[in-house]
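These are my notes from a first look at this structure.

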Amino acid sequence: IEVYKQHYALVRVWYKDLWTGVERKGQDSTVKYSLKQIFEHLDQMKTLLKPEKSSSLDKLTDLLKYYQESLNDTRERRNYSRIQSDLRAFDRMLRAEFREDKIRKDLVGK
């Protein structure tokens with residue numbers, strides 16, 4: 001459970017960096033790095049959860065895909081309201097379904 005908690009906490013930290021990058025329209029390289037870190041930690045969390053729960057993490061990943069793809073567009077063409085909406089949905093789902101107290105029974109080896 002400690003390993004899961006670490007990955008969860010790091011996803012939250014990288015999410016804050018990502019949100020700040022969107023709000024301030026920060027450097028694309030910084031935002032891309034934050035996304036990369038979030039994806040890596042979500043992948044690690046997946047390995048710690050039973051298959052039926054880990055598949056739900058794909059929904060979180062999907063919420064970030066639009067933003068990741070929009071980074072290939074110019075800033076003017078990016079739909080920032082959609083990006084912010086997706087990020088808020090990501091945060092709500094992460095906290096509602098993947099907090100430590102919510103996944104205890106879904107951990108592998110429990």
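I first settled a term: a crossing counts as left-handed if the near helix is turned anticlockwise from the far one by less than a right angle, and as right-handed if clockwise. I also noted that the model is predicted.

Entry 1, H1 and H5. I looked up this pair and found that H1 passes H5 in a left-handed crossing. The angle between them is about 160°, and their axes lie 11 Å apart. Angles over 145 degrees count as roughly antiparallel, so H1 is roughly antiparallel to H5. On the H1 side I listed the contact residues, among them Tyr4, Val11, Tyr15 and Trp19; on the H5 side they include Ile83, Leu87, Phe90 and Phe98. I sorted the residues of this contact into 13 nonpolar, one polar and five charged.

H4 passes H5 in a left-handed crossing. Leu60, Leu63 and Leu64 are among the H4 residues that meet H5, where Phe90 and Met93 are among the partners.

Which residues have the most contacts inside the largest nonpolar core? I found Ile38, Met45, Phe90 and Phe98, in a core of 29 residues. Helices H1, H2, H4 and H5 each give two or more residues to this core. H1 supplies the largest share, eight residues.

Leaving aside neighbours within four places in sequence, I found Phe90 in contact with Val11, Tyr15, Ile38, Leu42, Leu60, Leu63 and Leu64.

Conventions
Residues numbered from 1 in each chain as written. Predicted model: local features only at pLDDT ≥ 70, side-chain atom pairs only at ≥ 80, totals over all residues. Heavy atoms only, no water. Core = buried A, V, L, I, M, F, W, Y, C linked by side-chain atoms within 4.5 Å. Buried < 20%, exposed > 50% of the residue type's maximum accessible area, 1.4 Å probe, protein only. Helix = DSSP H or I, 4+ residues; strand = E, 2+ residues; numbered from the N terminus. Contact = heavy atoms within 4.5 Å. Axes fitted to C-alpha atoms, helices over the stretch in contact; angles between N-to-C directions. Parallel < 35°, antiparallel > 145°, perpendicular 65-115°, else oblique. Nonpolar A, V, L, I, M, F, W, Y, C, P; charged D, E, K, R; others polar.
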